[in-house]
Amino acid sequence: GTAPAATGSAGFPPGFLWGAATAAYQIEGAAQEDGRTPSIWDTFSRTPGKVLGGDTGDVACDHYHRFRDDVRLMAELGLGAYRFSVSWPRVQPTGRGPAVQRGLDFYRALVDELLEHGITPMATLYHWDLPQDLETAFPSGSSAGGGWPERDTAERFAEYAGIVAGALGDRVELWSTLNEPWCSAFLGYGSGVHAPGRTDDVAALRAAHHLNLGHGLAAKALRAALPARAKIGIALNPSAVRPLTDSPEDRDAQRRIDALANRIFSGPLLKGAYPQDLIADTSHLTDWSFVRPEDLAVIKQPLDFLGINYYAPAVVSATDDPNAPRKDGHNSGSHSPWPGADKVAFHQAPGELTAMDWPVDPTGLTDLLLQYTAEAPGVPLFVTENGAAFEDRVGEDGRVHDPDRVRYLHSHLSAVHEAIRRGADVRGYFLWSLLDNFEWAYGYSKRFGAVYVDYETQARIPKSSARWYGQAAREGVLPPVE
Ligand code: GBH
C-alpha cells in the first residue's frame, strides 16, 4: 500500500540542501598516485586483523579516476549538494611543508564539475586520514607517539586548512573543519578499533582536546583566507543517549556518557569551557594540564553552522559488571572508548536493526536537532550524515531494490521535518552515503550507499533509494514509501 508522507503536503524550507556525503579514504582509491603518501588509515588497514577481510582503501570506488562520472550521476539523480572530504596526505604528504599541486588540482576539478552541474559543494578538511608522518615522526619529548594527542598536530592542521582554503576558497562556500572528532579521539586512541589503533585513555582525552584546538585554529585560518560569504562549521556525531531506567544510577550513567560523547566538544566549542563533571569523572586519569587557558578562546570560534551526524540512539545503565558491553555488539571485547566510565553498560535500543546491528529510531534525530537548537541559539544546523547499511543484492533484473533504506530515509527526513516544525533551523541534509564504500573497520562488507558499487567492475547501480531520494531532492517533498 501507499502510506502518506509524514510531512503531509508541507515541504521543506526554501533553499534546503538535499545532498549526499562521502569521505576521501572511503571512496577515492589511487592511494599511491600523484604524490599521495600513507595516512594512518593506510597503515592501519594494512595491519593484519584490523580491518575485516584485510580490506584497504587502495582502490575503493576508484573515485579519483571516476569523479566526473560520479558527479554526472549525482546530477542525473537530482542531488542539490555534495559533501566530500579532502585527503590531507594527498595535499600535504608529510603533514608539513609545501603542498602538492596535483593533489589540489584534483579537488579543484571535482568542485568545478560539481558547480557546472549546479551541485553545491561542502568541503570537509579532515575525515580521519591523518598523514602517517604526523603520527610517527612526532615532536621530541613524546614517548608514546604523535598524532592528535599532541598539540603540534592541531597547529599543523591549521596550516593545512589555510592551504586548502587558498586553493578552493574562490569556489567553495561551505567548509567543515573536522568530521566526528569523537571517533578520531575515542575510537582512534581509546578503543583502538580505528586508526591509529592506540588504546590509551589519556591519549584519547588529549586527542579530544587537540582536535578541538585544531578546529579552532583551522576555523581562524579559514576565516582569514576565505571570502566573507564563506560558511565555516564542524560536523559532530553527538550521541542521543538515554538512561535505561529513571533510577538515579542510570541517570548518572547517562550524564557521564553525555559528557564524554557530547559536552566534551560542545562545552569548549559553544561555551568556552570543558564541563566540570567531565573533569571530575576523569580526574583519576589526568589533571587536564594539557589544556592551556588560552586554548579555550581559540576553540570557541563563531560557528556559521553546526553539522550533526546521526545514525542511532544509545541506551545506558549503571553496572558493577566489569564485562558489561561498553558499546555496540560488534566492538565488544576491545578496550572501552569511554575513559572513566567503567561502570556504564550499553544496551541495544529498541527497533528494527540495520546490517550494522544499529537500531532504526528516528526520534533521536529530532531530539538532537532540538537539543542543539537550544544549546547553540542562532547557529544554523545541517544533518551532515544520516543513513543505513542493509544487505543489498543485485537482482536478476540487474536492479538493487532496497525498500528498507527508503523507509529509513523517509522516517529520518520526517524526523528532520518535525524538528524544523518545532523551531530547529535545519538548512540541509546529506545522505550517508552517495556510494557503497570502505566502511572503516568493516571494510567493504557493509553497504551504506544510495548507489550500489560492484567492486569487480566499478559499475555504479543506483538503488531504488537513490531514485526515491532524488525525487525528494527535486520536489522538496518526501515521496510516498511502499
Ligand atoms: C560515520 O561514523 C562516519 O563519519 C562515516 O565515515 C561512516 O562511514 C559512517 O558513519 C557509517 O559508519 O559503538 O559505542 O562506538 C559513525 C560512527 C557509529 C560511531 C555509531 C559511534 C556507535 C557508538 N559512529 N557508533 S559505539
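Predicted model: local features only at pLDDT ≥ 70, side-chain atom pairs only at ≥ 80, totals over all residues.

Trainee: How many disulfides does the structure hold?
Mentor: A disulfide is a covalent bond between the sulfur atoms of two cysteines. To be called one here, the pair of cysteine sulfur atoms must lie within 2.5 Å. This structure holds zero disulfides.

Trainee: Is C61 buried or exposed?
Mentor: Buried means under 20% relative accessible area, exposed means over 50%, and partly exposed is in between (1.4 Å probe, protein chains only). C61 counts as buried because its relative accessibility is 0%. C183 is buried as well, at 6%.

Trainee: What about strands: where does β3 sit, and which strands pair with it?
Mentor: Helices (H or I, at least four residues) and strands (E, at least two) are DSSP runs, numbered from the N terminus. Two strands pair if DSSP finds at least two bridges between them. Strand β3 covers residues 120–126, and six of its seven residues are buried, so the rest of the structure largely encloses it. Strand β2 (residues 81–85) runs parallel to β3, joined by five bridges. On its other listed pairing, β3 meets strand β4 (residues 174–179) in the parallel sense over four bridges. Look at M122 in β3: R83 stands opposite M122, and in β4 the bridge partner of M122 is L174.

Trainee: Where does UniProt place the "binding site"?
Mentor: UniProt positions use the numbering here, feature names are shortened, and annotations may be inferred rather than shown by experiment. The unreviewed entry lists Q26, H127, N179, Y311, W432, E439 and W440. H127 lies in the loop between β3 and α6 (132–136) and is buried at 2% relative accessibility. Contact means heavy atoms within 4.5 Å. Leaving aside neighbours within four places in sequence, H127 is in contact with residues including Q26, N179, W432 and W440. W432 is in strand β11 and is buried at 3%.

Trainee: How far does helix α14 reach?
Mentor: The expected span of a helix is 1.5 Å times one less than its number of residues. Helix α14 (residues 403–421) has 19 residues and reaches 27 Å from first C-alpha to last, close to the expected 27 Å. Just after α14, G423 takes a positive phi of about 110°.

Trainee: And what surrounds R427?
Mentor: R427 belongs to strand β11 (residues 426–432) and is partly exposed, at 40% relative accessibility. Beyond neighbours within four places in sequence, its contacts include G15, F16 and F382. F382 is 45 residues away in sequence, with 5.5 Å between the C-alpha atoms of R427 and F382.

How values were computed
Residues numbered from 1 in each chain as written. Heavy atoms only, no water.
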